[in-house]
Amino acid sequence: MKYIFILFLLFLNCAKNTKETSNTFRYNEHKNIGSLDPAFAKDNADIWAVNQLFNGLVQMDEELHVQPCISKEWQISEDALTYSFTLRKDVYFHKHALFGEDSTRTVKATDFEYSFNRLLDKQIASPGSWVLNKVDSFRAINDTLFQIKLKQPFPAFLGLLTMKYCSVVPEEIVKHYKSDFRSNPIGTGPFKFKRWEENIKLVFRKNNNYFETDTKGNKLPYLEAVAITFLPDKQSEFLQFAQGNLDYVSGLDASYKDEILTAKGNLRDSYAKDVHMIRGPYLNTEYLAFYMDSKLPEIQSSLLRKAVNYGFDREKMMIYLRNGIGIPANGGFIPKGLPGYNEAIGFTYQPKKAKQLIEQFKAESGHNKPEITITTTSNYLSFCEFIQRELQKIGLQVHVDVIPAATLKDAKANGKLDMFRASWVADYPDAENYLSLYYSKNFAPNGPNYTHFKNEQFDLWYEQAFKETNTLEREKLYLRMDSLVMDHTPIVPLFYDEVVRFTRKNVDGLGINPINLLDLKSVKKQSAIAL
């Protein structure tokens, strides 16, 4: 009888472990994770992990609308300078002995005051301190009221506050661990830190005290745990996913794109039974840029710049080089997924018109053999060679120069390249972030205006947008600015990137968003083993 009882206990323990394993979300991070401290959440790898452990005042939904988080509501003054946040009273830090008898405590406005001061602390040297550049002051009015005052109106400020840099951290824990807080994180998020063997495995467990619920009032999260591995290359990661050892793969790597997708971007039959593909716009615009201060007549000519824009088939390029993943950029610089995007303000494939513009340039300038050089990195050589072949068919000689990424970065910042490939991924989800590349006071190297585009009307609209508190009116200004940029053609938009996610069929609720943030609090995983 004694042995039967022991076997019964072993069975229960085995069943419990199997259940927990089956309700663990497993993914790989091939870039490794540098820190679990939100003040250093700069790269996607760090941001994804930190997002499971920490919360801020506000958060972004899948449509990029700002929603309540630890702050249940907020008010903005009429002059758009003062933001007052009312905090929830039921948000607790993850348990830790340093909190004393209860091993936890509620979040108070003074915690945000400390967290923001820490973000600005030069000794901490957080890469996210710039988020508060437009902030004049902040303070805790009382335990549940936190106030921020800006130096000047900035409509995108709430969006900035959704960044993981602005997460709340507990002062007593940070001061205890100091720099080792990076590997001993205590936050308020849906999961809590369990174990980290750096470059091998990272494990989070469910936070049973988490404050958010689903629409039916059920407590979040649904998962019991999150397990992150660190296989160094995407091919090995995909192999583990194909074998069922990972629940999720993000992005489309050249090493497996043809294995899993058809040329038109659909799942191959061999994967359709077990794999679910989610895709949607990503806030990244890939483009070619002209240096508007170039002395070359080809670059100075709007005729030739427009000819390049008309002269190649973006749809064909995406099918041929990206298996249909990515949206051909027939609109402006603002990518699909952001308010202000318009698909009709750019250029379509019109080779006859492109040829006419080149002939017009020859006649007006006297240059009978126009030529341009596109500078790129090896990663984008195939795109530039595709454009080279297409443009040479219509009478424009194109050279492609391949240089290292670090060299290109320095050269484009210092005006040493007449034409180059670039991309712009949003720092924060507002179209102003994209349009800042064409504001004349942002000339590189002191700002992101790498093309040295300058237009007085654009500058007036750009400055007006900062003062416009009406969202719809601001979006109209964004569209006008983007249209004006496309009229003057300092760039050649290539494509707007897409987020592509592959999950096992037993994973539900993952969703997708244009900033490619991994949010696991609403994810459910059906067990493959019935107990």
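This is a predicted model: local features need pLDDT of at least 70, side-chain atom pairs count only at pLDDT 80 or more; totals for chains, interfaces and linings use all residues.
**Entry 1**

Most peptide bonds are trans.

I found a cis peptide bond joining Leu220 and Pro221, where omega is about 0°. Where does Pro221 sit? I traced Pro221 to the loop between strand E9 (201-206) and strand E10 (225-229).

Then I checked the bond from Ala444 to Pro445, and that one is cis too, with omega near 10°. I placed Pro445 in the loop between helix H15 (432-435) and helix H16 (456-467).

**Entry 2: positive phi**

Next I turned to phi. Most residues other than glycine have a negative phi.

I located Lys178 in the loop that runs between helix H5 (171-177) and strand E8 (191-197).

Asn516 isn't a glycine either, and I read a positive phi of about 55° there. Its loop lies between strand E18 (507-508) and strand E19 (524-525).

**Entry 3: buried or exposed?**

I still wanted to know about accessibility. Is Lys178 buried or exposed? Its relative accessible area comes out at 62%, and exposed means over 50%, so I noted Lys178 as exposed.

Is Asn516 buried or exposed? Here I got a relative accessible area of 9%; buried means under 20%, so Asn516 goes down as buried.

Terms used
Residues are numbered from 1 along each chain as its sequence is written. Side-chain values use heavy atoms; hydrogens and water are left out. Helices (H or I, at least four residues) and strands (E, at least two) are DSSP runs, numbered from the N terminus. Buried means under 20% relative accessible area, exposed over 50%, partly exposed in between (1.4 Å probe, protein chains only).
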